[in-house]
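Please look through the notes below with the structure open beside them. They take up two contacts in turn.

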Amino acid sequence: MTDLSKMRDALLSGDANTVVSLTNAALAEGVSPSELVNKHMVPALDEAGSKFEANEIFVPELLLIARAMKAGLQIIRPLLAQSGAEPVGRVAIGTVKGDLHDIGKNLVASMLEGGGFEVIDLGVDVAPDKFLAAIKEKRVNLIALSALLTTTMPFIKAVIDALKEAGLRDQVKVMIGGAPVTQDFANEVGADGYSDNANGAVGLARRLVA
Amino acid sequence: MPVFPLAGKRLKLISCEIFHREMCAAVAQAARPVDIEFLPKGLHDIGQQAMVQRLQEAVDRVNADRYDTILLGYALCNNGICGLTARSLPIVIPRAHDCITLFLGSHARYLDYFNDHPGTYFLTTGWLERGGDLGELQQLSIPHQMGMDLSFDELVARYGEDNARYLYDQLCDTLRNYGRYAWIEMGVEPDGSFENHARQAAADRGWSFEKIHGDMSLIRRLIDGPWNEREFLLLPPGQHVAPSHNDSLIRAEP
């Protein structure tokens with residue numbers, strides 16, 4: 001039998017190769033995809049998140065952990081889909097129009113994916129109508145917006161306003177982030193939540209879709 | 001000792017050194033005497049609280065007996081001026097997102113250019129001669145704390161080659177989505193050497209290059225006035241700067 005306690009160690013050390021081999025071995029032995037994810041992988045990612053918030057690990061380590069998680073999930077996700085298991089939520093994420101800074105957005109996307117979300121990454125410089133299309137076409141129930149510059153922050157509001165105009169605001173939750181973004185700003189523009197870090201974003205996303 | 005009519009109170013300019021040549025040029029021709037304190041470029045990299053603390057210390061150093069108004073050579077700078085408090089002297093602050101507004105002469109002109117050309121990295125004399133090295137701020141900078149300033153070799157030593165390549169792409173190549181250098185000529189350059197450096201930088205990265213004519217008028221109005229409410233916040237004594245999240249960008253808060 002594959003020793004799945006090694007999965008935690010492999011994830012926490014960002015060892016994508018070992019995560020992949022453990023995943024393949026466990027699946028071959030008949031471990032169910034959902035058990036593998038929910039009992040062995042998501043808890044490890046949550047542990048990484050706690051270590052990150054406690055300044056025991058830092059952004060590079062978190063990126064590597066999220067990458068390792070993603071490597072395992074790439075194998076597992078098609079199996080989960082076959083079994084009819086629904087993701088925790090479907091999130092469309094992107095940097096707003098005019099903003100090309102995606103380091104934080106990519107980290108949040110990876111962490112959300114590791115946290116059980118289906119992530120539709122719309123990339124950078126995303127115009128409001130692309131978010132609207134994702135809601136209609138991909139059954140998205142959460143939108144995550146990032147702006148790194150005060151110059152592009154107004155486009156966060158533009159997306160929320162576009163959702164209202166299209167009559168879609170009630171169908172989705174909106175979470176926002178980025179260096180100059182604050183909780184005050186989130187309140188002002190009517191976002192449902194704000195997080196100042198990637199781990200907090202996962203907890204926030206789970207609360208918003210619960 | 002004769003008393004000269006112009007020897008009254010002075011203006012104090014506290015400015016980011018990114019404006020060094022422009023501020024010196026404007027102050028040289030100023031209507032009133034202006035003393036300048038330049039602070040190091042890169043305060044916006046050390047986080048909002050640390051930045052505003054440095055600015056507040058500079059404001060608090062100003063001798064109120066010698067000056068009647070403080071001029072701030074800063075923009076909103078990613079909220080880095082938020083919380084700055086005027087003590088006994090008023091502070092005049094340009095309504096601008098960042099230094100590029102001051103180089104281009106107006107908020108509207110900057111936004112037009114920005115919206116038409118996302119992914120532009122702007123260069124001026126200040127950015128070319130003072131933009132690279134953060135000096136003592138390096139260790140304090142957010143990019144440093146996040147591991148974003150590590151070289152590829154340092155990443156390999158810490159995380160192994162495969163991980164290093166991934167981290168370098170994901171974390172350290174912060175300009176990977178940029179594609180254009182815009183050289184802003186302000187009229188303070190000694191010769192064509194700065195422009196040549198800017199052109200070379202674009203060629204080295206394979207980016208497009210555009211030369212833009214800067215506009216000293218907003219910087220001159222900061223130094224000389226009039227400080228109209230549309231372009232400047234006049235922060236009264238006892239109040240502090242807050243973001244307004246609208247076109248006015250900043251407001252005074254008691």
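1. Within chain A, 13 residues of domain 1 are in contact with 10 residues of domain 2, where two residues count as in contact if their C-beta atoms, placed from the backbone, lie within 7 Å. This is a predicted model, in which local features need pLDDT of at least 70 and side-chain atom pairs count only at pLDDT 80 or more, while totals for chains, interfaces and linings use all residues. Residues are numbered from 1 along each chain as its sequence is written, and chains are lettered from A and ligands numbered from 1 in the order in which they are written.

2. On the side of domain 1 of chain A that touches domain 2 of chain A, the elements giving two or more residues are α3 (33–53) and α4 of chain A; helices here are DSSP runs (H or I, at least four residues), numbered from the N terminus. The largest share of that side, 8 residues, belongs to α4(A).

3. Between the chains, the contact takes 20 residues from chain A and 20 residues from chain B. On the side of chain A that touches chain B, α4(A) gives the most, with 5 residues.
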